[in-house]
Amino acid sequence: MTLHDGDRAWKGFDWDVMDRLYKKGLIANPRGKSKSVVLSDEGLQRSEELIRALFTRAK
């Protein structure tokens, strides 16, 4: 929910969570100096699906 530059999210999450997302191929390697992480195409698609499912009302 903090997406910026099209495919980046801020690294304000627990490191164990970040490692699990990385192992599933949903984000790029979270280790490094950057304050954000790149979502993979699959991660971006999955996050959009979850946002729609969790935060929109069915018509």
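A salt bridge is a side-chain nitrogen of Lys or Arg within 4 Å of a carboxyl oxygen of Asp or Glu. The structure holds two salt bridges. This is a predicted model: local features need pLDDT of at least 70, side-chain atom pairs count only at pLDDT 80 or more, and totals for chains, interfaces and linings use all residues. Residues are numbered from 1 along each chain as its sequence is written, and side-chain values use heavy atoms, with hydrogens and water left out.

**View 1. Asp 19 and Arg 31 form a salt bridge.** Their N-to-O distance is 3.1 Å. The pair links distant parts of the chain, 12 residues apart: Asp 19 sits in helix 1, Arg 31 in the loop between helix 1 and strand 3. Helices (H or I, at least four residues) and strands (E, at least two) are DSSP runs, numbered from the N terminus. Asp 19 is partly exposed, at 21% relative accessible area. Buried means under 20%, exposed over 50%, partly exposed in between (1.4 Å probe, protein chains only).

**View 2. Arg 46 and Glu 49 pair within helix 2.** Their side chains meet in a salt bridge (3.5 Å, N to O). Three residues separate them, about one turn of the helix (residues 41–55). Arg 46 is partly exposed at 41%. Glu 49 is partly exposed at 33%.

**View 3. Asp 14 caps the N-terminal end of helix 1 (residues 15–23).** A side-chain oxygen of Asp 14 lies 2.9 Å from the backbone nitrogen of Asp 16. Just after helix 1, Gly 25 takes a positive phi of about 80°.

Note on methods:
A polar contact is a pair of N or O atoms within 3.5 Å; within protein, one must be able to donate a hydrogen and the other to accept it, and residues adjacent in sequence count only if both atoms are side-chain atoms.
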